[in-house]
Amino acid sequence: MTDAADAQASLEFMLKDEIVRMYQEVADNPSGEFHFFHGREAAELFGYAPEWLDRAPAGAVASFAGVGNPHERSNLQPGERVLDLGSGAGLDAIIASWRVGSAGSVVGVDLNPAMCLKAQAHVAATGAKMECHEGRMEDIPLPDASVDVIISNGVMNLSFRKRRVVEQMFRVLRPGGRISITDIVSAKQLSQSIVNDPKLWAS
Ligand SMILES: C[S@@+](CC[C@H](N)C(=O)[O-])C[C@H]1O[C@@H](n2cnc3c(N)ncnc32)[C@H](O)[C@@H]1O
């Protein structure tokens, strides 16, 4: 490995720990202090319908940590199979499961197995089912051409290997499939001190 590749691998390793710690904290202690919008306040700000937020389990709403509303353009249809990449505590997966109905299905992928268990419990509390796989968006643990739609909310910005994530998304999408993601982009080149700070990457 070159020095640069070594440095990236060690930063990526630290980043993974910080991501697991931070989103676990939002899920376990949603009333704590965070420097990003989360919970119902964030979901309302991003235009989630109040009926959805009233109907979803309180824990999934309180731990919501997205950055926008991927449901606005996902145009989910009954019967579709949806992948929620970085499914977190499960609010987006729940909404997707309502929209695709019992003839459809939702599969989550999350780096943190504890988040997968939380999301599955939240979805089960609504009477629906969700499969969730521990895994990374850079190596999505699903077969080729196996989903109709991918949604994701505030997750791709966390990756050092965004091109790889996009390649993986196209691998698992069926021909004619759709992607609806909301994420953070910066129009400015970020300073090296930001890029090298796992806490800032993670949030
Ligand atoms: C912003 S939250 C997702 C919000 C979620 N959709 C919701 O409804 O609250 C970020 C989630 O992405 C997961 N994550 C971060 N990096 C990941 C990666 N490389 N692969 C898969 N999941 C990842 C985190 O563990 C965390 O649970």
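Predicted model: local features only at pLDDT ≥ 70, side-chain atom pairs only at ≥ 80, totals over all residues.
Figure 1. Two elements, α7 (162–172) and β5, each give the patch at least two residues.

Figure 2. Ser-180 belongs to strand β5. With a relative accessibility of 8%, Ser-180 is buried, because the limit for a buried residue is under 20% relative accessible area. Leaving aside residues up to four places away in sequence, the contacts of Ser-180 are Pro-70, Arg-73, Ser-74, Ile-150, Ile-151 and Ser-152.

**Figure 3. Salt bridge between Asp-148 and Arg-174.** The closest N and O atoms of the Asp-148 and Arg-174 salt bridge are 3.1 Å apart. Asp-148 lies in strand β4 (residues 147–153) and Arg-174 in strand β5 (residues 173–182), so that the pair links distant parts of the chain, 26 residues apart. Arg-174 is partly exposed, at 33% relative accessibility.

Figure 4. Glu-18 and Arg-21 form a salt bridge through their side chains, with an N to O distance of 2.7 Å. Both residues are part of helix α1 (residues 3–28), where a spacing of three residues corresponds to about one turn of the helix. The two partners fall into separate accessibility classes: Glu-18 is buried, at 9% relative accessible area, whereas Arg-21 is partly exposed, at 43%. For the model as a whole, the count of salt bridges is eleven.

**Figure 5. Salt-bridge network of Arg-40, Glu-44 and Asp-54.** A network of salt bridges links Arg-40, Glu-44 and Asp-54. In the pair formed by Asp-54 and Arg-40, the side chains meet at 3.0 Å, N to O. Asp-54 is exposed, with 56% relative accessible area, and Arg-40 is partly exposed, with 29%.

**Figure 6. Ligand site.** There are 20 residues around the ligand, and those that come nearest are Ala-65, Gly-86, Asp-92, Asp-110 and Met-137. Asp-110 places a polar side-chain atom 2.6 Å from an oxygen atom of the ligand. Met-137 has a backbone N or O atom 2.9 Å from a nitrogen atom of the ligand. At Leu-91, a polar backbone atom is 3.4 Å from an oxygen atom of the ligand. On its own the ligand has 610 Å² of accessible area, and the protein covers 99% of this.

Figure 7. The loop between β5 and α8 (192–195) contains Ser-186. Ser-186 has a relative accessible area of 44% and is therefore partly exposed. The Ser-186 side chain reaches the backbone oxygen of Lys-188 at a distance of 2.7 Å. Computed along the sequence, Ser-186 and Asn-69 are 117 residues apart, and their C-alpha atoms are 18 Å apart in space.

Figure 8. Asn-75 is a residue other than glycine with a positive phi, near 50°. Asn-75 is located in the loop between α4 (58–62) and β1 (81–85). At 47% relative accessibility, Asn-75 is partly exposed. Ala-145, also not a glycine, has a positive phi of about 45°. Ala-145 sits in the loop between β3 (131–134) and β4. The relative accessible area of Ala-145 is 36%, so Ala-145 is partly exposed.

Definitions and conventions. Residues numbered from 1 in each chain as written. Heavy atoms only, no water. Salt bridge = Lys/Arg side-chain N within 4 Å of Asp/Glu carboxyl O. Helix = DSSP H or I, 4+ residues; strand = E, 2+ residues; numbered from the N terminus. Buried < 20%, exposed > 50% of the residue type's maximum accessible area, 1.4 Å probe, protein only. Contact = heavy atoms within 4.5 Å. Near = heavy atom within 4 Å. Polar contact = N/O pair within 3.5 Å; in protein donor to acceptor, adjacent residues only side chain to side chain. Areas by Shrake-Rupley, 256 points an atom, 1.4 Å probe, with all protein chains shown as cover.
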